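Below are a few exercises, each with a worked solution to follow step by step.

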Amino acid sequence: MALSPIPLGIYIQVPFCQTKCTYCNFHTGVVSRDRFEPYADAICREIVASAPPHGQAVDTVYFGGGTPSLLDPSSLRQFLDTLRRVYKSDSVEATLEADPETIVPDKASAWLAAGFNRISLGAQSFSDLELRSTGRMHRSADIGRAVQVAREAGFRNISMDLIAGLPHQTRETWDASLDGLLRIRPEHVSIYMLEIDEGSRLGREALARGTRYGAGDIPSDDAIADFYESACTRLTADGYEHYEISNWALPGFRSRHNLKYWRREPYIGFGAGAHSFDGNTRWANIHDPARYAALVEQGISTREQIETVAPYQALEEEFFLGLRQLEGIDLARIEREYGAELREQFEALSGRIAGLHSQGLVELEGSRLRLAPTRLAISGEVFVELLG
């Protein structure tokens with residue numbers, strides 16, 4: 001990867017879990033703990049092998065999964081120490097995804113000492129019935145306890161996830177989950193609407209109109225949209241900035257790492273299934289952790305799905321990723337950068353924008369285009385109509 005004038009984001013994939021959630025469509029799994037250390041060693045080798053000749057600035061590091069907090073703190077420290085040796089990383093937002101039941105005092109203190117300064121907590125719900133039905137290991141009481149442990153260890157930047165649309169969820173239980181979240185008042189909040197697809201057990205069962213995993217008790221699309229919209233209202237009223245379709249932050253606590261994805265800035269991923277982007281090319285590592293570790297051990301490339309992003313694809317990404325941000329996109333900038341080469345495509349998009357504007361789905365203020373705030377719950381439909 002060539003040196004970038006923009007500091008890189010680093011993503012490290014830890015594809016191991018204690019259990020596989022019924023709604024999960026990621027390439028993760030439950031494996032023996034004796035697989036953890038060889039995998040961690042392989043990631044460190046991949047980091048060293050990626051070293052740019054004259055150093056490269058890095059300003060965000062994100063450990064995702066899976067459940068990275070399952071790893072021994074010494075392995076997590078090893079990752080960060082290796083990154084510090086290879087990259088220039090003076091002021092870094094270092095995030096660790098963690099499930100509530102994995103957060104204990106010794107671990108939390110070790111994470112902070114290693115250099116982590118942000119925890120992303122997979123709460124998902126404050127309803128024990130909803131948590132049980134989806135295979136989560138923690139219960140509602142564990143969420144507050146985990147946050148208290150993290151706070152006492154010294155963490156001052158905590159993100160928390162909730163999912164709208166879990167089986168058995170009602171307006172009452174959703175309101176209770178929002179109540180629980182707002183009592184804790186994390187610095188950052190992500191609200192995701194449940195996705196139904198064949199990549200998860202719950203999705204396959206729902207598409208087959210079965211009842212396993214609570215598939216028969218998934219709320220309606222209208223109810224899920226209502227849950228999401230109520231979260232928009234309550235979080236904004238409580239002082240959170242809604243800056244991306246699924247994300248809110250208290251002032252000064254937006255996710256610096258995730259902003260790189262939405263702004264098409266360069267990032268590099270390490271580990272099985274991790275994705276990378278250098279501004280022109282996207283690639284991914286193979287998904288199987290054992291094969292990934294074996295290839296690294298042999299000095300063989302782990303990359304697959306290597307794709308050069310064509311100008312027309314980059315233009316579509318500008319719209320799709322840019323419009324996920326509530327501040328929207330600057331059409332004048334996009335026309336300057338893409339108009340000469342992609343005039344016909346840009347004119348077609350301009351025609352679709354006019355149609356969406358007439359329907360009240362998007363707003364235009366000068367050259368600034370954004371999704372209409374009241375239509376965020378159906379953003380997917382807007383993107384389909386815009387991009388054809």
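A charge sits over a ring if NZ of Lys or CZ of Arg is within 6 Å of the ring centre and within 35 degrees of the ring normal. A quick word on the ground rules: this is a predicted model, where local features need pLDDT of at least 70, side-chain atom pairs count only at pLDDT 80 or more, and totals for chains, interfaces and linings use all residues. Residues are numbered from 1 along each chain as its sequence is written, and side-chain values use heavy atoms, with hydrogens and water left out.

**Exercise 1. Charges over rings**

Task: find what lies over the face of Phe277, and at what distance from the ring centre.

Solution. Step one: go to Phe277 and look for Arg282, which lies over the ring face at 3.9 Å from the centre.

**Exercise 2. Ring pairs**

Task: work out how the rings of Phe16 and Tyr39 are arranged, then do the rings of Phe63 and Phe79.

Solution. A pair of aromatic rings is described by the distance of the centres and the angle of the planes. Rings of Phe, Tyr and Trp (its six-membered ring) pair if their centres lie within 6.5 Å; planes under 30 degrees apart count as stacked, over 60 as edge-to-face and the rest as tilted. Searching the whole structure gives 12 such aromatic pairs.

Step two: the centres of Phe16 and Tyr39 are 5.1 Å apart and the planes stand at 70°, so this pair is edge-to-face. The pair links distant parts of the chain, 23 residues apart: Phe16 is in the loop between β1 (8-14) and α1, and Tyr39 is in helix α1. (Helices, H or I with at least four residues, and strands, E with at least two, are DSSP runs numbered from the N terminus.) Both Phe16 and Tyr39 are buried, meaning under 20% relative accessible area; exposed is over 50% and partly exposed is in between (1.4 Å probe, protein chains only).

Step three: Phe63 and Phe79 have ring centres 5.6 Å apart and planes at 35°, so they make a tilted pair. Here strand β2 (residues 58-65) supplies Phe63 and helix α2 (residues 73-86) supplies Phe79, 16 residues apart. Phe63 counts as buried because its relative accessibility is 0%, and Phe79 is buried at 0% too.

Step four: zoom out from Phe16, and you'll see ring pairs linking Phe16, Phe36, Tyr39 and Tyr292 into a cluster.

**Exercise 3. The two sides of α10**

Task: sort out which residues of α10 are buried and which are exposed.

Solution. Step one: in α10 (residues 289-298), the buried ones are Pro289, Tyr292, Ala293, Leu295 and Val296. Looking down the axis, these buried residues fall within an arc of 165°, so they line one face of the helix; the arc is that of the directions from the helix axis to the C-beta atoms.

Step three: check what the buried residues pack against, namely α1 (36-49) and β11 (281-285). Contact means heavy atoms within 4.5 Å.

Step four: inspect the ends. At the start of α10, a side-chain oxygen of Asp288 comes to within 3.4 Å of the backbone nitrogen of Ala290. Just after α10, Gly299 has a positive phi of about 75°.

**Exercise 4. Cysteines**

Task: how many disulfides does the structure hold?

Solution. Step one: apply the cut-off, a pair of cysteine sulfur atoms within 2.5 Å. The structure holds zero disulfides. Step two: take Cys21, whose nearest cysteine sulfur, that of Cys24, is 6.3 Å away. Step three: Cys21 is buried because its relative accessible area is 11%, and Cys232 counts as buried at 14%.

Note on methods: A polar contact is a pair of N or O atoms within 3.5 Å; within protein, one must be able to donate a hydrogen and the other to accept it, and residues adjacent in sequence count only if both atoms are side-chain atoms.
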